[in-house]
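Please examine the structure below before reading on.

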There are 2 protein chains.
Amino acid sequence: MATSDKKAIVVGAGLVGALLTILLARRGYQVEVFERRGDMRGVGFKGGRSINLAMSTRGWKAIDKAGIRKKIEANAIAMKGRMMHNLDGSLNFQPYGKTGQAIYSVSRGGLNLELIEIADTFDNVQLHFHQKCTQVALDEGELHFEDGKTGATNVHDAPLIFGADGAFSAIRSAMQRKSRFNYSQHYLDYGYKELTIPASANGGFQMEQHALHIWPRGKFMLIALPNPDGSFTCTLFLPYEGEDSFEHLHTDTEILAFFQKYFPDAIPMMPDLLEDFYQNPTASLVTIRCNPWQYQHRVLLLGDASHAIVPFYGQGMNSGFEDCTILDGLMEQHGADWPTIMDAFSESRPKDADAIADLALRNFVEMRDLVADPQFLLRKKIAAHLHQQHPDAFLPLYSMVTFSHIPYSQALAEGKAQDQLFEQILALENIETNWQHNPKLDSIFQHWLASKKQLATV
Amino acid sequence: MATSDKKAIVVGAGLVGALLTILLARRGYQVEVFERRGDMRGVGFKGGRSINLAMSTRGWKAIDKAGIRKKIEANAIAMKGRMMHNLDGSLNFQPYGKTGQAIYSVSRGGLNLELIEIADTFDNVQLHFHQKCTQVALDEGELHFEDGKTGATNVHDAPLIFGADGAFSAIRSAMQRKSRFNYSQHYLDYGYKELTIPASANGGFQMEQHALHIWPRGKFMLIALPNPDGSFTCTLFLPYEGEDSFEHLHTDTEILAFFQKYFPDAIPMMPDLLEDFYQNPTASLVTIRCNPWQYQHRVLLLGDASHAIVPFYGQGMNSGFEDCTILDGLMEQHGADWPTIMDAFSESRPKDADAIADLALRNFVEMRDLVADPQFLLRKKIAAHLHQQHPDAFLPLYSMVTFSHIPYSQALAEGKAQDQLFEQILALENIETNWQHNPKLDSIFQHWLASKKQLATV
């Protein structure tokens, strides 16, 4: 590829699009970025109160690549574990990993703003806002955009096109019409609604700040993540229909009775509960999978555009950022040989996206239900114990996903193997009291380890 | 619904759209039908040589409703079983059901033509051809069509809209953009290509006419269905990539060597093999699933638009026709209460469509591979024997799907139960020789039956 051909279009200046733009710009590409929304720098966006994300190891790696760790860390709040709120108001804390390990509450808007600002410092980056992609000619590599302010239509083309345009991607929509493009969108029967716990009068946090708060109630749950201004962003995940569901929450009485019944300790902290509930939309939860992610070695999908997942493992942004890290590694390895890069990316990455999609769906059950289950808590304790005893041989599933760079598909497979291990361990007599010193447990573990090793060498 | 409101738009005048139009017209609806293609009556279509279909019990029921059994039967050829072509040229015949049972080779074009002609006899039916649906406003029930000949755009609306517009449905496409619409399209890694075995010089059949011919070759297969003119329409199902695949069949030498190796007995019967191979496209095989099938009690999907399946169970058209039969039954039951009709249809039917989609995928393995497997053939024989002995208690899966109106989902569940039964039976000593008189087999069968009955009463 001649230097003059090193041109790329990135559709979408969200988290993944903006980060990708920086990485492409660093490698000398002329990048034109088209974003449907307006420039968030222009609308006086302030970080801290918008939707928040849980940044973990995979996300930080990409943040390092972009060179903005310090800026992001300054406004990130470490969440060292889950704080469970029981019905009676009592609390239980479960650490996420070892001492020192945490996931970080980060403002989506703040992070996006930082990335756009850095992207804009490159001479070889052109940012275009209010540009809605209205037509995609995949074979010609030609895109039509409509200017949301003027209504004018612009046509652009490039030898490389990256669709980072989110779960409702226009680029993917065009690929879906091509033969042999596998695609699925699946919605949970749950919706979610954001609510707020504001800072206390003196500007402090009303609950422990270094935790992700969960009110697990079996079929549904409320969660809360801390913001730097002392507030918490809460999200209620609830079925659309059925006994306890959004369809029955339409009046002050219904909403207050529901919160009184299930989240009594949260009510005093939520002065704007009713207003929030009425004003904020009930949003849906979709899982999107597709394959292949590339078209004719010219068009590539990344992030939510190719793998939107439910938020319950906190890996949506992290997996999208990992896409960028992996793609950057392939550019490092293969230069501008895009057929090789796109094939490699599109062949290896979808199975990992599939795995984290599955894991995220599983984790919903864990968060809303199992975290209050004694058997589950016991398993967590024994897993932590095994990891401490055998740090190289045993890493709990949550840690593989959250605190490592192990491919998601490998983590999922290992997690299934661990399920088999714990089925045996939890069947041991009096295991709830004698797990710390138990020769039978040790023997089961050694057997399990040996059979795994044998499998690996076959 | 007032009589003046009994208006409906049907998008698509293919098999399902045309049949649905007849059923709606019979119940007094004013029906406007919009079809993307031209009027097949005008282009001098002659039945007999186009793509053929296997009509079975579910299809016939709908044909009866349309009142055209005699016309269709006149050009239908009974296929009483599978004729397997072995590599050495020897043949094996497996009957599909009991004596007298058969599936019927029918011309798709001929059938479609008949249905359109009948639809056009109704004063309350308006047929519009060359009308491509370009825009769908679901909430307004408003459709835009572009006339393929004049380029003119027409806008139509109706209180009822039926999307019978096939696997690439424009109506479904619009529904896909709505929240909580689950959708998947999945392609097999196989393509298919149509080929021909013409009639012999004297106008007769070159092979047994009352059979569906299969050349099962493990990973791929050739099949042939008889036409009334003495020819056979053949279809080669082959992987796109890999050792034996379309990617290696590009020259005369490659194609002939491939046929010589795998289908030597077919070559002498196919004088136009090379021409057919080059001229006919390699088409793909998609399974489409979605849910819900209705929108706002105003828009309903039927046939391939909501459930395109692979052709290996011969149930694509049959299941689409059964949609029409069921919908007609609901109209009989609920009059013009469309909210009730659409809810009932959309709640009960997708699970049956899902089941036949799964069964069709399973049957590909059976056709290309298992039909040449002695264990499989033995199972077929024992199944037929059990059915003969216990006609009310045991119906083989193939018969449930093909020769009954048992809901597909129930047939699939029953098929899985039968798998468990045969796992036990085929493990019996010397079963391959002593299955006809075997007390152990009888005892296993009685146990199986008893446990099923117990389950049913729980």
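A polar contact is a pair of N or O atoms within 3.5 Å; within protein, one atom must be able to donate a hydrogen and the other to accept it, and residues adjacent in sequence count only if both atoms are side-chain atoms. By this criterion, 13 residue pairs are in polar contact between chain B and chain A (both residues at pLDDT 80 or more).

The model is predicted: local features need pLDDT of at least 70, side-chain atom pairs count only at pLDDT 80 or more, and totals for chains, interfaces and linings use all residues. Residues are numbered from 1 along each chain as its sequence is written, chains are lettered from A and ligands numbered from 1 in the order in which they are written, and side-chain values use heavy atoms, with hydrogens and water left out.

**The arrangement of the two chains**

Copies are superposed by least squares on the C-alpha atoms of residues with pLDDT of at least 70 in both. A rotation of 180°, with 0.0 Å of shift along its axis, places chain B on chain A with an RMSD of 0.0 Å. The two copies are therefore related as by a two-fold rotation axis. Within chain B, the C-alpha nearest this axis belongs to B:Ser184, at 2.0 Å from it.

**The interface**

Contact here means heavy atoms within 4.5 Å. Chain B contributes 18 residues to the contact, and chain A contributes 18 residues. The copies meet through the same surface, because 100% of the interface residues of chain B are also interface residues in chain A.

Buried area is the accessible area (1.4 Å probe) that two parts lose on being put together, summed over both. Chain B and chain A bury about 1600 Å² between them, and 31% of this lies on carbon and sulfur atoms. B:Arg180, B:Gln185 and B:Tyr187 supply 40% of the area that chain B buries against chain A, more than any other three residues.

There are four salt bridges between chain B and chain A, a salt bridge being a side-chain nitrogen of Lys or Arg within 4 Å of a carboxyl oxygen of Asp or Glu. One of them joins B:Arg180 to A:Asp189, with the closest N and O atoms 4.0 Å apart.

Helices (H or I, at least four residues) and strands (E, at least two) are DSSP runs, numbered from the N terminus. Helix H5 (170-176) and strand S13 (182-197) of chain B each supply at least two residues of the side that touches chain A. S13(B) gives the most to this side, with eight residues.

**Backbone features**

Which residues are joined by a cis peptide bond, and what is omega there? The table gives the bond in chain A and in chain B.

| Cis peptide bond | Omega |
|---|---|
| A:Asn291 to A:Pro292 | about 5° |
| B:Asn291 to B:Pro292 | near 0° |

A:Pro292 lies in the loop between strand S17 (283-291) and strand S18 (294-295) of chain A.

A:His297 has a positive phi of about 60° although it is not a glycine, and is found in the loop between S18 and strand S19 (299-301) of chain A. At 29% relative accessibility, A:His297 counts as partly exposed; buried means under 20% relative accessible area, exposed over 50%, and partly exposed in between (1.4 Å probe, protein chains only).

B:Asn430, likewise not a glycine, has a positive phi of about 50°. Its relative accessible area of 46% makes B:Asn430 partly exposed.
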